[in-house]
Amino acid sequence: MNKKVIYILISLAVIFFITSLIIYLSSSGTFKRVVKDKKGETEITEEDAPELEKVKIFFLTNGSSLFVPKNFEIEKNENRIEFLKSYLDLMISESSKYISPFPEQTRLQSFFYIDDKQMAVLDFSEELIINFPGGSRGEIEFIYFFVNNLCYNFKEIKKVKILVAGNEYKTLSGHLDLENPYFPDYKYFRR
Amino acid sequence: MIEKDITLKVSNKLKKILERELGVRVVTTRDSDVEVALDSRVAKANNQNAQLFLSIHVNSSYRKSARGPETYFVSLKATDKVSMQLAMKENSSFTEMGDDSEDDDLKMILWSMAQTEHIKESSRLADYIQNELNILLNTKNRGVKQAPFRVLMRASMPAVLIEIAFVSNKYEENRLRDDSFIDKVARSIYSGVSKYIYYYNSTFK
């Protein structure tokens, strides 16, 4: 048997072995998959993979006057405040891929949830007021982006209050009342 | 282009047309380039016993394609305070309330619920104005909308907020620079108001 035939036989044996291994691992439920963690792409086993929770974020797009839904998965967290934080981080980071309804430099400084009022409180940096371009439509888009998305995905949140730099403001730029918390108004969402 | 300059132009033109054509008294919150606090505007209307309140604005959105006039009337269901007010109105006798702090609360509540009595008429006024803006300006119908506008909530008369065009839209920004467009806007609002007044007089007088 010459060397060429030996190489072919060895190659076939290796391919057979790898294929068998893949089939075995798949059927035993420990097939590796790639997931993204905070540090980047990493290989982990199904058993170690974080359980994911499906959420929707409605974004402003050029194609529609209504907010359009996009699907995401976030690592499940029994601590709902932590989960809410992840959701808000995702909302803000992903909004840059669509039409972000707030000035670029605006930061969400803090947020908290008041249990007995079933109310989320969002506190934005002062750039929100300083750089807000104005207009009723602009205010509606900003307010309901947060109010509707939070109330839609977190059934425990019934209303949302917006603060700026820790303070209560009358309006963002002279239109919608900011002294009261907001209930969701889904007429702005494409359902 | 600054919103307050455009809205001042529209308001001054509208005032002249309304006074000339309908013989009504028009009070503006400003007739020159001065800043008027939001709450003072509606307070002035209430103090003058105005029969209609029009708040004229220029719209803006991060969605640059957004365009067309929008007319709003207030939505009261969106706020806690209003839910509380409505509940109080339905369930309690205001005169039973006692100490000074309660009196202050009561005054505040009565003040901020002023618009609840006029929602239906505000909606009708908004309809008339929006229709005229759509017809005369041949602009896309964005419809009559509701939202909890601070300036409208405390108005004790039919009250609407008119966004004449989007300054964030290139096409409409150019139109807003054109005085003939400003004239058309003022005339459209006048037509809507005059139709409302005709409806009101023929229905209630």
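Colleague: How exposed is A:A165, as a relative accessible area?

Modeller: A:A165 is partly exposed, at a relative accessible area of 31%, where buried means under 20%, exposed over 50% and partly exposed in between, using a 1.4 Å probe and protein chains only. Please keep in mind that this is a predicted model, in which local features need pLDDT of at least 70, side-chain atom pairs count only at pLDDT 80 or more, and totals for chains, interfaces and linings use all residues. Residues are numbered from 1 along each chain as its sequence is written, chains are lettered from A and ligands numbered from 1 in the order in which they are written, and side-chain values use heavy atoms, with hydrogens and water left out.

Colleague: OK, and what is phi of A:A165?

Modeller: It is near 50°, a positive value in a residue other than glycine. A:A165 sits in the segment after β7 (159-164) of chain A; helices (H or I, at least four residues) and strands (E, at least two) are DSSP runs, numbered from the N terminus.

Colleague: And what about phi of B:N49?

Modeller: For B:N49, which is also a residue other than glycine, phi is positive and near 55°. B:N49 lies in the loop between α2 and β1 (53-59) of chain B, and with a relative accessible area of 65% it is exposed.

Colleague: Which residues of that α2(B) are buried?

Modeller: In α2(B), residues 38-47, the buried ones are B:L38, B:V42, B:A43, B:A45 and B:N46. They cover an arc of only 160° around the axis, which puts them on the same side of α2(B), the arc being that of the directions from the helix axis to the C-beta atoms. An α-helix has 3.6 residues a turn, so residues three or four places apart point the same way.

Colleague: Switching to α2(A): how far apart are its end C-alpha atoms, and what should the helix span?

Modeller: The end C-alpha atoms of α2(A), residues 80-95, are 22 Å apart, which agrees with the 22 Å that its 16 residues should span at 1.5 Å a residue; the expected span is 1.5 Å times one less than the number of residues. Its buried residues are A:F83, A:L84, A:Y87, A:L88, A:L90, A:M91, A:E94 and A:S95. Seen down the axis of α2(A), those residues fall within an arc of 160°, so they line one face of the helix.

Colleague: What do they pack against?

Modeller: They pack against β3 (52-59), β4 (68-75), β5 (108-114), β6 (119-124) and α4 (136-153) of chain A, with contact meaning heavy atoms within 4.5 Å.

Colleague: Which residue caps the N-terminal end of α2(A)?

Modeller: A:N79 does, through a side-chain oxygen that lies 3.0 Å from the backbone nitrogen of A:I81. A polar contact is a pair of N or O atoms within 3.5 Å; within protein, one must be able to donate a hydrogen and the other to accept it, and residues adjacent in sequence count only if both atoms are side-chain atoms. In the case of A:S95, a polar atom of the side chain lies 2.8 Å from the backbone oxygen of A:I92.

Colleague: Which residues touch the most other members of the largest nonpolar core?

Modeller: Of its 59 residues, they are A:F142, A:I143, A:F146, A:L150, A:I157 and A:V160. α4(A) gives the most to this core, with nine residues. A second, separate core of 28 residues includes B:V58, B:L137, B:I182 and B:V185. By a nonpolar core I mean a set of buried Ala, Val, Leu, Ile, Met, Phe, Trp, Tyr and Cys residues joined through side-chain atoms within 4.5 Å.

Colleague: Last topic, chain B: how many helices and strands?

Modeller: Chain B has eight helices and four strands, and 49% of its 205 residues are buried.

Colleague: Is β2(B) largely enclosed or open, and why?

Modeller: Five of the five residues of β2(B), residues 70-74, are buried, so the strand is largely enclosed by the rest of the structure. B:E70, B:Y72 and B:V74 are on one side, with B:T71 and B:F73 on the other.

Colleague: Which strands are joined to β2(B), and how do they run?

Modeller: Three bridges join β2(B) to β4(B), residues 159-166, and these two run antiparallel, while four bridges join β2(B) to β3(B), residues 144-147, in a parallel arrangement; two strands pair if DSSP finds at least two bridges between them. B:T71 stands opposite B:I162 in β4(B), and in β3(B) its bridge partner is B:V144.
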